[in-house]
Amino acid sequence: MAALYVGLMSGTSLDGADAALIDFSDRFPRILAFATVPFPVALRDRILTLSEPGDDSMELSGIVSIELADLYARAVEGVIAGGGVDRQSIVAIGCHGQTVRHRPDLGFTIQLNDPARVAELTGIDVVADFRRRDMAAGGQGAPLVPAFHEAVFRNDKTSRAVVNIGGISNVTWLPASRKTVGFDCGPGNVLLDGWARRHIGTHYDEDGAWAARGNTDTALLDRLLEEPFLKSPPPKSTGRELFRLEWLERRLSPSMAPADVQSTLTDFTAHAIMGAIERFCGDTQEIYLAGGGARNSALVSRIKALAKGRPVEPTDVLGVPTSHVESMAFAWLAMKCVRKEPVDLTAATGAKGPRILGAVYPA
Ligand SMILES: Nc1ncnc2c1ncn2[C@@H]1O[C@H](COP(=O)(O)OP(=O)(O)O)[C@@H](O)[C@H]1O
Ligand SMILES: [Mg+2]
């Protein structure tokens, strides 16, 4: 029986990483090799900085991870009760975690999560950490959903674009006879939500009603549309690091009415989406919307106005309600991981090849 394992450990003394190659086939483990790679001074100093105790973001990330896990477990209990299924019959939970930093430029992405705790609380295997392997394989780590869109929404006869309007928007192009392309195309709801929260105190601009009362400022719209991210070719991904209110403020003229800004942001979001389809999704014949932004009627009507007569429909017409697409995608990704089936995101994230995504935390 194969019984060779490698153990890796770097301890508190920060001298380096030790590796031991061990054969467990006999009663007593046998050391076949041992190596230490010392820490470079700069790395050691950085670790020391992170190890400083204090009321800082390290501490906060630990606490938030636990709070998230508890919340995730409650959501799982909700669907177990709602579905009337036996807990034992659930193969695995796909648990994406909460992105707090996405830096494909530096090769990392951080989703806060405590999948071990979710496994402990639910008694069900948890698959987590989906993005990291993609990045390790040279990908952007996002978007991951195009593979799922391809599995459920592809049609051999028509060329479709599926737009998920979450905080950030991502487009999946499903050409009838070519490879699927997917990428983040820019803001979805992040700017709309941030501006609404600041000026009308709500989490979001319900149905775009506030935006509908404003008038779009074309000069501002043009300035927003100059953002280089919009024009840069896929693969690409983005997040709150770029599209934040400070980004907007730098482009605002002082005396603008907040409702006019909201209207302009709604147009900007629509243009960012449709511009991406025009630029990068060649022969798109049908456009399908998903995510919370698909429920913003002002946004949807502005997207339709830019669609040049092509049908723009919610994914409901393809059998998946707009608000369920992403969670369903992570159930699908969990299934792929459990089955050890590689997911091909080469034309979405730019990964070098298909990879098995995620890590399993057994119950
Ligand atoms: N009725 C609505 N009117 C306007 N916006 C809505 C409505 N319903 C949902 N949203 C938007 O959708 C967002 C949530 O979308 P979601 O797809 O869950 O995003 P994420 O994937 O980033 O969590 C809300 O923050 C809000 O901006
Ligand atoms: Mg959401």
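Student: Is Gln111 buried or exposed, and at what relative accessibility?

Tutor: A residue is called buried under 20% relative accessible area, exposed over 50%, and partly exposed in between, with a 1.4 Å probe and protein chains only. Gln111 has a relative accessibility of 16% and therefore counts as buried, whereas Ala151, at 47%, counts as partly exposed. This is a predicted model, in which local features need pLDDT of at least 70 and side-chain atom pairs count only at pLDDT 80 or more, while totals for chains, interfaces and linings use all residues. Side-chain values use heavy atoms, with hydrogens and water left out, residues are numbered from 1 along each chain as its sequence is written, and chains are lettered from A and ligands numbered from 1 in the order in which they are written.

Student: Which side chains does Gln111 join through polar contacts?

Tutor: A polar contact is a pair of N or O atoms within 3.5 Å; within protein, one must be able to donate a hydrogen and the other to accept it, and residues adjacent in sequence count only if both atoms are side-chain atoms. The side chain of Gln111 has such a contact with that of Thr99 at 3.0 Å, and another with that of Thr109 at 2.8 Å.

Student: Which polar atoms lie beside the oxygen atoms of ligand 1?

Tutor: A polar side-chain atom of Asp193 lies 2.6 Å from an oxygen atom of the ligand, a polar backbone atom of Gly292 is 2.8 Å from an oxygen atom of ligand 1, and for a polar side-chain atom of Glu326 the distance to a ligand oxygen is 3.1 Å.
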